[in-house]
Every structure is written in structure tokens, then in C-alpha cells.
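This report looks at backbone geometry and at charged side-chain pairs. Please have the sequence and the coordinates at hand while reading.

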Amino acid sequence: MYELFLTALVEERDFNAACAVLSGFCAMSPWETLNRVLYFQGPPRPTGITNQTSIEKPMRKDAAFLWKDLHQSLSRQSFILQAKYEIVKDRDMSPSAAAIDLDGTAGLLRWTDFPDPPHGRPLITQRKIVEIWEQKKLPSILRDNNFRFKTETIEEMYRFFQDDIEFCLTRQYFVKNIGEYTPLESRGDQQPSPLETLPTWDSATPVDMENRWILLVKSHVLQDNKPDEIRKAQDRLISLRGELEGAFDFKTIDRKVHDTRIAQQQQGIKALPQKVVLGKT
């Protein structure tokens, strides 16, 4: 599947106005969701998803196709993957919250490829993605295939829909100490693990220092080998940009921002730690 989207920043003070515009534009109230997002780092040398011991059998027909598609992509290049679990603020981020059995909870596994070059339409980001829904034992599946847990965040989302277009306002939060958001290579032998229980909602720290929201206007093309369908999606997004002009300022985003690839390590050469800058630049 191909994902194409426009990107705009929304200041915290403008959030209610943005929701009002999108509610009117889409003729619906927002669909609010809160996700716990776990990040798993692939091995230095790509091996795909060869160990399927922990994948539930029998596989759904659609899931089997997606696992095969994901395996082919991860055999060529190693990536950071996301495992997403929908949570409830009052239940899962309260002082009395119970521990979550991640292996026993169905989640969404998400992979995103490095975006394509802009090709004359710099406002549009487009990339291949694989999303496998309603999958249990995701941590075990990834661990079986040499993926290491890296860190986790909370993702707050307000979504609107108009036909096949999704308008998504999203904001992310840190739930661990800032030192646990550094590259795995810089942590030595320390192996992080998911939190047993999440902190309270009030103690979560916005990833963006200015607490802004990101608006993505997204279109999906199910068959990514049909360039005519991709061009139609591009035209639709450009048209929507014009319709929303004055309400949102869509920006050109460097595709490196969305790069989840793992640098391949040659045998006998020690990997150097990666440098990450947090906050404003």
C-alpha cells in the first residue's frame, strides 16, 4: 500500500479552531484515539521475518499476504518498526492502572519505507507502508526475528474523514526518562524493556517543546504498482491544499525526517553511535 500526505503544523492555541474547520469540512466530529507506540530496531544486517513461530495460526488470508510483503522489504533493508496499541486514558494512564500483557493484546504492526523523491510536488510525501492489524504476540514475533525494543511513546490523535481522505491531528508524548530516548548503540549493554504500567496522563511530556500538533492530510493507494492511481491521489491532495488555503499552511518536509532505515553494518566493522538532537534546532 502507498501512503501520500500533506503536512502542516498547528499551534496549541489554534487546536480548537483547527478542529472546528475540519469538523465543518468533513461534516463530522473528531474521532479521538490514544495509542501506545513501541519502537523496535531491526538487526544491523537485514534478515526479514523468517521465524514465524509466534505468529498466530492459521493466518488470516490478508495477514498472510502482508507478512510476506513485509518480509520481502525487511530482507532488503533493516528498519525501525512500530507496534501500536490503542489505550484508554482513564483506564491505562491512571494511578490504579493494571499492567498490560503486550503479547496477549492485539496490536497494529506498522512499517514505513523511506519516502520517494518529491518529483516536482514537494508538498507531498509519499511512501510504501505495511500495516498488519489485530496481531497478538508482536513483541515476541519481533524478538524472534532479532528486533530489539528501542523505546516507546504515547500518540494522541484526532481524526476526520471525507470519502477516502483522512485528516489526522496528532501529538506525541514521552513516557520515560529522556535518557531512554537515545540510540541503542549509546546505551552499552543496557537492554531497555517496555514499561509494565504507564505513567499518569499528567506526567507525560510532549515530544515537541512548543506542544504543537501535526496535521497530516492522507490518501492511500492499495495497489502501489498502479502509477495512474498514485497520480490521482496526488491531484486530490493538491486540490485539497487549495480548498484549505488560509486555514492551514502546508509545508515541504525533508524526506529524511521520515527515514526509519537502519544503517547496514559490514562484517568486522564496529557500528558507530548515531547522534540525535532533541528539541528546537
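Are Glu152 and Arg36 buried or exposed?

## Basis of the model

The model is predicted, so that local features need pLDDT of at least 70 and side-chain atom pairs count only at pLDDT 80 or more, while totals for chains, interfaces and linings use all residues. Residues are numbered from 1 along each chain as its sequence is written, and side-chain values use heavy atoms, with hydrogens and water left out.

## Salt bridges

Both Glu152 and Arg36 are buried (under 20% relative accessible area, with exposed meaning over 50% and partly exposed in between; 1.4 Å probe, protein chains only). Their side chains form a salt bridge with an N to O distance of 2.6 Å, where the term requires a side-chain nitrogen of Lys or Arg within 4 Å of a carboxyl oxygen of Asp or Glu. This pair links strand 6, which holds Glu152, to strand 2, which holds Arg36, across 116 residues (strands are DSSP runs of E, at least two residues, and helices runs of H or I, at least four, numbered from the N terminus).

Glu155 and Lys84 also meet in a salt bridge, at 3.0 Å from N to O. Glu155 lies in strand 6 and Lys84 in strand 3 (residues 80-87), so this pair ties together parts 71 residues apart in sequence.

## Backbone geometry

Lys57 and Pro58 are joined by a cis peptide bond with omega of about -5°, and Pro58 lies in the loop between strand 2 (31-41) and helix 2 (61-76). Asn146 has a positive phi near 70° and is exposed, at 51% relative accessible area.
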